[in-house]
Amino acid sequence: MDYYHWLEAFHVISVIMWMAGMLYLPRLYVYHAAVKLGSESYSLLQTMEQRLLKYIMNPAMLFSLGFGITLMVIREAYREGWFHIKALALFFMFAIHGLLAKHRKNFAMGLNRKNHVYFRVLNEIVTVLIVIIIIAVIVKPFR
């Protein structure tokens, strides 16, 4: 099972990249919500957000999912209680990823109606989900 550690390493790398984006994109939205539509800053933030989502977050999420499913099947993790906690938290993480993508489109079309507080709260929800996932994987409650 030498390949297992390689799969695990690439899973962790892709998860770190995805989570970095999941923490940074809402922060960009906090700033974006405060700038005037059509301004130079608005345009710059739009470009940054689009590139972060398209070139970093989306591929990292897909690689995380692919490596994660492979590891889950090899280890039969789906049989353990801790994995169900992780899977539930991941469900919400995927939902937030989709929500962040929707917000990017709203900013691009000039249709954002959310304020900076909303995006700060969304950022904190991501943080709580990360904590839950890490505890589930490392501590393995309900084993």
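Q: Starting with His-32: buried or exposed?
A: His-32 is buried, at 0% relative accessible area. Buried means under 20%, exposed means over 50%, and partly exposed is in between, with a 1.4 Å probe and protein chains only.

Q: What kind of model is this, and how are residues numbered?
A: The model is predicted: local features need pLDDT of at least 70, side-chain atom pairs count only at pLDDT 80 or more, and totals for chains, interfaces and linings use all residues. Residues are numbered from 1 along each chain as its sequence is written, and side-chain values use heavy atoms, with hydrogens and water left out.

Q: Back to His-32. Where is it in the fold?
A: His-32 is in helix α1. Helices (H or I, at least four residues) and strands (E, at least two) are DSSP runs, numbered from the N terminus.

Q: Which residues is His-32 in contact with?
A: Tyr-42, Leu-45, Gln-46, Glu-49 and Phe-107, leaving aside neighbours within four places in sequence. Contact means heavy atoms within 4.5 Å.

Q: How many helices and strands are there?
A: Four helices and zero strands. From the N terminus on, the order is α-α-α-α.

Q: What box do the C-alpha atoms fill?
A: Roughly 55 × 30 × 15 Å, taken along the principal axes.

Q: And what part of the chain is buried?
A: Buried residues are 35% of the 143 in the chain.

Q: What share of the contacts is between residues 24 or more positions apart?
A: 80%, counting contacts with a separation of 6 or more.

Q: Okay, the core. How many residues has the largest nonpolar core?
A: It has 26 residues. A nonpolar core is a set of buried Ala, Val, Leu, Ile, Met, Phe, Trp, Tyr and Cys residues joined through side-chain atoms within 4.5 Å. Those with the most contacts inside it are Trp-18, Met-22, Leu-25, Met-57, Met-93, Ile-96 and Leu-100.

Q: Which helices supply it?
A: α1, α2, α3 and α4 each give at least two residues to this core. In soluble globular proteins, nonpolar side chains tend to be buried together.

Q: What does Ile-96 touch?
A: Met-22, Leu-122, Ile-125, Val-126 and Leu-129. That leaves out residues up to four places away in sequence.

Q: New topic: what volume has the largest pocket?
A: About 860 Å³. On a 1 Å grid over the protein atoms alone, a cavity is a set of points where a 1.4 Å probe fits but cannot get out, while a pocket is an open set with protein on both sides within 12 Å along at least five of seven lines; lining residues have an atom within 4 Å of a point. Grid points are joined across faces, edges and corners, and the volume is the space filled by probe spheres set on the points.

Q: Which elements give two or more residues to its lining?
A: α1 (2-32), α2 (40-75), α3 (81-108) and α4 (116-139). The largest share, eight residues, is from α1.

Q: How many residues line it, and which lie nearest its centre?
A: The lining has 31 residues, and His-11, Leu-71, Trp-82, Lys-86 and Val-137 lie nearest the centre.

Q: How does the lining split by class?
A: 22 nonpolar, three polar and six charged. Ala, Val, Leu, Ile, Met, Phe, Trp, Tyr, Cys and Pro count as nonpolar, Asp, Glu, Lys and Arg as charged, and the others, Gly among them, as polar.

Q: How many salt bridges does the structure hold?
A: One. A salt bridge is a side-chain nitrogen of Lys or Arg within 4 Å of a carboxyl oxygen of Asp or Glu. Arg-79 pairs with Glu-76, and the closest N and O atoms are 3.2 Å apart.

Q: What is the accessibility of Arg-79?
A: Arg-79 is exposed, at 59% relative accessible area. Glu-76 is partly exposed, at 35%.

Q: Where is Glu-76, and what is its phi?
A: Glu-76 is in the loop between α2 and α3. Its phi is positive, about 55 degrees, although Glu-76 is not a glycine.

Q: What about phi of Lys-140?
A: Near 55 degrees, a positive value in a residue other than glycine. Lys-140 lies in the segment after α4 and is partly exposed, at 22%.

Q: Last one: how far apart are His-5 and Leu-71?
A: They are 66 residues apart in sequence and 9.7 Å apart C-alpha to C-alpha. His-5 is in helix α1 and is exposed, at 53%.
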